[in-house]
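Q: I've got a model open and I'd like to learn how to read it feature by feature. Can you walk me through it?

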Amino acid sequence: MLSTYFLPRDLHPAAWWVWALGLAVAASRTTNPWLLLTILAVASFVVVARRTDAPWALAFRIYLYLGSVIVCFRVFFRFVFGGAEGSTIILRLPEIPLPEWAAGIRLFGDVSAESLLGGLYDGLRLATMVICLGAANALANPKRLLKAMPPALYEVGTAVIVALSVFPQLAESVLRVGRARKLRGGTSGKRFHALHAIIIPVLEDALDRSLRLAASMDARGYGRAGKVAARVRLVTGLLMIVGLIGVCVGVYATLDGSTPRFLAAPVLVAGLVIALIGFRFAGKRVQRTRYRPDRWHLAELVVAASGVAVSVVLFATSSVDPTNLNPSLIDLSWPLLSWVPLCGVLIGLAPASLSPPPEPPFDHEPIRLAEKVPA
Amino acid sequence: MRTLAILAVAALMIAFAPTAHAIDQSKGHPGYCDNGTGVTVVVDFQQLGGTTIVRCDPQSTRGTGLDALKGAGFQIAGVQRWGEAFICRVENRPSAVEEIPVDGNPDYQETCIDTPPAAGYWSYWHAGNNCAWKYSQWGVKNRDFVAGGFEGWSFSLNATANANPKPRIAAVRPGTEGQPCVAPDEPAPTNEDPNARQPGSGQVPAAADNRETEEPDAGGATGSGDGGSALPPPKPRNSGSAAVDDPADNVAFTGGEKAKDVTEVIKEQSGASDYAPWVAGGVVVLLALATWFTARRRRHARES
């Protein structure tokens, strides 16, 4: 059992998604910078330790850039749209008077440390959630995720996975084009030229890739309508889309404390019911066999459970001591932190050592063996 | 080596320890105001328990109800949704771990994320000297306090709109008993605009100005928990008898001199540890180093 546990292999992509979503949900519960930074560090470490050499895995860095852009924007907007909530004024900017109809909006003016910190905490939370999704994209193979979709979700799943893999592929394109430019030399040109030299190849690459993807999906029989009446397909599709939208709204309302409660459980349940009816209709007519399906082994369970555990701990502690998950900005002080949420977040580190390492690419294996011989 | 590290950590912690007190004694002074300048702020915890606090904001310039509350040294918290336009906690009451038996939810805990329920919130009152308490028709940032008068905060638990408990301290400064009531008449809001200000108010010096924020400013004392996009102005309601209260019926009060440090109290209530942030920082640094090393090792392996 143990001898096969750590054999290099690719984990089930859904296990990585569950782990990453667990971290993201945990991040959504708190604005405590200590916890958010710990979640970021945990996610980055696991990604670096367990990612493959696939193109989508190397794009994780782009998500980190995106995260820092989000934080900078949040703080910057506090400067622009007035941040005088709080009493520690650190910067006095001239206020731009606005016409009567724009009452309630303020341009510049006094900026307080409290509102800047509020923007920082808020931005950090959003950035952490985005980076957690980036971690899932880096660790999980989108093609195998599509393979693991249940037959009923097949049509929606295809669209979602094509959409999900767009950003990592774009990121990979940017990195590759940049590398090629560097190798060609002459990178010291003007900024506009650099933009020109990166964006056009990247867009062309994206177009090529989507044509290739369309062709290969067509060849494999994706998108075939089958012998189903157009009306039945329309009804099934409508049921599923409405159901999934309901599920999304319901999940959002359940997780966000300030949304009205009638959007939470009722919408979630209604969405689930509608979606399940849709799945039943769709599943009836889709007969699909899988070639060597991915199985859930112990390692997958460990990875998924660690992610779920993190979010469960943060949910449980937020009902006990909300004060240190959402640090107060009444008067400036260092955010408080207690042990339970901190240890809870550290459970998320488990996959870094308790999951099998990724499979090395085929062409690298002989080289590594050859290296060992002379030594 | 380890002792050195612990000492260094301890020294840093003393250096960074928050020095705030429950009541900021550097602002205002305990008890009633001595004369006609400034405003006396009364905080009555009612069923929450705790001794009523009376303090004075000696500010001689005009200011909003929020300025009075802060100027008297009280520590307040707004809700996340509206900011300080809606007072959610005064002196950390109701605290995040305190169970308030509101109707329909006997172990409700106030998280101060959205508007508190109508069955448990801080009701906002005002009065001129020697006048009867009036339930404010304006938000805490939308009206100016009455110079020489009173601002009242009274926790309303399971009260109906017309039976909000007024502060149990008569709005009478000691030594002025029997004098006539002098208070400007405050017209009720005439429209639904949350940014509307009470007529005649608003000439606040810049230093004390916190009336304009990105949040809609309004409604320091409504109890309606609706989900509209702007905080609605308080609904007009009956503010009780018009006769001035008798100072002899006052409940016992203090100036808040011995109140505990709010930051300390929050730290106790949340089970926070002084060492946890340091451990978190250490973990983040260690993980960042480990990430960097692992990435480098794997890059070398890939390139070789």
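This is a predicted model: local features need pLDDT of at least 70, side-chain atom pairs count only at pLDDT 80 or more; totals for chains, interfaces and linings use all residues.

Q: Is α2(A) largely enclosed or open?

A: Count the buried residues: 13 of the 16 in α2(A) are buried, so the rest of the structure largely encloses this helix. Across chain A, 36% of the 375 residues count as buried.

Q: What should I look for in a core?

A: The general idea is that in soluble globular proteins, nonpolar side chains tend to be buried together. Here the largest nonpolar core has 66 residues, and those touching the most other members are Trp16(A), Leu23(A), Ile39(A), Val42(A), Ala43(A), Cys132(A) and Ala135(A). Helix α3 (residues 33-50) of chain A gives the largest share of this core, 13 residues. There's also a second, separate core of 44 residues, with Val41(B), Ile53(B), Ala127(B) and Ile169(B) among them.

Q: Which residues does Cys132(A) touch, leaving out those up to four places away in sequence?

A: Its partners are Ala20(A), Leu23(A), Ala24(A), Ala27(A) and Ala43(A).

Q: How do I get an overview of chain A?

A: Chain A has 16 helices and 2 strands. Take the contacts in chain A between residues at least 6 apart in sequence: 81% of them join residues at least 24 apart. Where domain 1 meets domain 2 in chain A, 7 residues of domain 1 and 8 residues of domain 2 take part. On the domain 1 side of that contact you'll find 6 nonpolar residues, 1 polar residue and no charged ones.

Q: And strands? How do β6 and β7 of chain B pair?

A: Check direction and bridges. Strand β6 (residues 99-102) and strand β7 (residues 105-109) of chain B run antiparallel, joined by 3 bridges.

Q: What sits in the turn between β6(B) and β7(B)?

A: The two strands form a hairpin with 2 residues between them. Gly104(B) is in that turn, with a positive phi of about 85°.

Methods
Residues are numbered from 1 along each chain as its sequence is written. Chains are lettered from A and ligands numbered from 1 in the order in which they are written. Two residues are in contact if their C-beta atoms, placed from the backbone, lie within 7 Å. Ala, Val, Leu, Ile, Met, Phe, Trp, Tyr, Cys and Pro count as nonpolar, Asp, Glu, Lys and Arg as charged, and the others, Gly among them, as polar. A residue is buried if 20 or more other C-beta atoms lie within 10 Å of its own, exposed if 12 or fewer, and partly exposed in between; C-beta atoms are placed from the backbone. Helices (H or I, at least four residues) and strands (E, at least two) are DSSP runs, numbered from the N terminus. Two strands pair if DSSP finds at least two bridges between them. A nonpolar core is a set of buried Ala, Val, Leu, Ile, Met, Phe, Trp, Tyr and Cys residues joined through C-beta atoms within 7 Å.
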